[in-house]
Amino acid sequence: MSTTRPYSPGDHGPESGERPAGTGRQVRRLSLGDASGVVPLARDFTREALHAWGWLPASSADRRAAAEDVLLVVSELVTNACLHAEGPDELTVSLDGKVLRLEVTDRGAGQPAPRTPHRAGRPGGHGMFIVQRLCMDWGVLRTPGVTGKTVWAELDAPA
């Protein structure tokens, strides 16, 4: 789990209160529990949110790359829940100022971690390494007494 931040997950630090008026937190949730084809479904859902929030259509190559990074991270988090955690239950996509947060809730007990050492030529096992490389931060939240976890990742909004 990541420990790159000196403050708790979801807390964007001292600057979190410095948002322009009217740009509060925006949240979208997608239930994935009984769905089939969850990875493309999650990507399409996230793409719609990015359109609604003005990330797409992208006006520059940097903005297009930022949107593609978000879609790749969603794919990796949902795929990991499918492969290692009895499937995903819910995807939450939220935008708070300049931070986009992705959360995938599942029923699994495992602890996601990048494969160490990372070997680029080795098949499989690259999902959390990709998440770690593309995101500002990521981690795992557990609720005591509740089965499963929420794997979250945060990306910076494009300039």
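**Reading the model, feature by feature**

Reply: Ser 94 lies in strand S2; helices (H or I, at least four residues) and strands (E, at least two) are DSSP runs, numbered from the N terminus. Keep in mind that this is a predicted model, in which local features need pLDDT of at least 70 and side-chain atom pairs count only at pLDDT 80 or more, while totals for chains, interfaces and linings use all residues. Residues are numbered from 1 along each chain as its sequence is written, and side-chain values use heavy atoms, with hydrogens and water left out.

Me: Is Ser 94 buried or exposed?
Reply: The idea rests on relative accessible area: buried means under 20%, exposed over 50%, and partly exposed in between (1.4 Å probe, protein chains only). Ser 94 has 3% relative accessibility, so it counts as buried.

Me: Which residues is Ser 94 in contact with?
Reply: Contact means heavy atoms within 4.5 Å. Leaving aside neighbours within four places in sequence, Ser 94 is in contact with Arg 25, Gln 26, Val 27, Trp 53, Val 99, Leu 100 and Arg 101. With Arg 25 there is also a polar contact, side chain to side chain, at 3.3 Å. That term stands for a pair of N or O atoms within 3.5 Å; within protein, one must be able to donate a hydrogen and the other to accept it, and residues adjacent in sequence count only if both atoms are side-chain atoms.

Me: Leu 100 is on that list. What does Leu 100 itself touch?
Reply: Leu 100 is found in strand S3 and is buried, with a relative accessible area of 0%. Not counting residues up to four places away in sequence, Leu 100 touches Leu 50, Trp 53, Trp 55, Val 70, Val 93, Ser 94, Leu 95, Ala 153, Glu 154 and Leu 155. Leu 100 and Gln 26 are 74 residues apart in sequence, and their C-alpha atoms are 9.5 Å apart in space.

Me: Where is Glu 154 found, and is Glu 154 buried or exposed?
Reply: Glu 154 is found in strand S5 (residues 149-156). With a relative accessible area of 1%, Glu 154 is buried. Its C-alpha atom is separated by 4.4 Å from that of Arg 101, 53 residues apart along the chain.

Me: What polar contact does the side chain of Glu 103 make?
Reply: The side chain of Glu 103 makes one with the side chain of Arg 101, at 2.6 Å. Glu 103 is found in strand S3 and counts as buried, at 17% relative accessibility. Its contacts, leaving aside neighbours within four places in sequence, are Glu 90, Leu 91, Thr 92, Thr 150, Val 151 and Trp 152.

Me: How do I check the length of a helix such as H1?
Reply: The expected span of a helix is 1.5 Å times one less than its number of residues. For the 15 residues of H1 (residues 38-52) that gives 21 Å, and the end C-alpha atoms are 21 Å apart, which agrees. H2 has 24 residues and reaches 34 Å from its first C-alpha to its last, close to the 34 Å expected.

Me: Which residues of H1 are buried?
Reply: Val 38, Ala 42, Phe 45, Thr 46, Ala 49 and Leu 50 are.

Me: What backbone details come after the helices?
Reply: Just after H1, Gly 54 takes a positive phi of about 85°. The peptide bond from Leu 56 to Pro 57 is cis, with omega near -5°, and Pro 57 is found in the loop between H1 and H2. Glu 86 has a positive phi of about 65° although it is not a glycine. Glu 86 lies in the loop between H2 and S2 and counts as exposed, at 59% relative accessibility.

Me: How many disulfides does the structure hold?
Reply: A disulfide is a covalent bond between the sulfur atoms of two cysteines. The structure holds zero, judged by cysteine sulfur atoms within 2.5 Å. Cys 82 is partly exposed, at 38% relative accessible area, whereas Cys 135 is buried, at 10%.

Me: And what is the secondary structure of the whole protein?
Reply: The protein has three helices and five strands, running β-α-α-β-β-α-β-β from the N terminus on. Buried residues make up 41% of its 159 residues.
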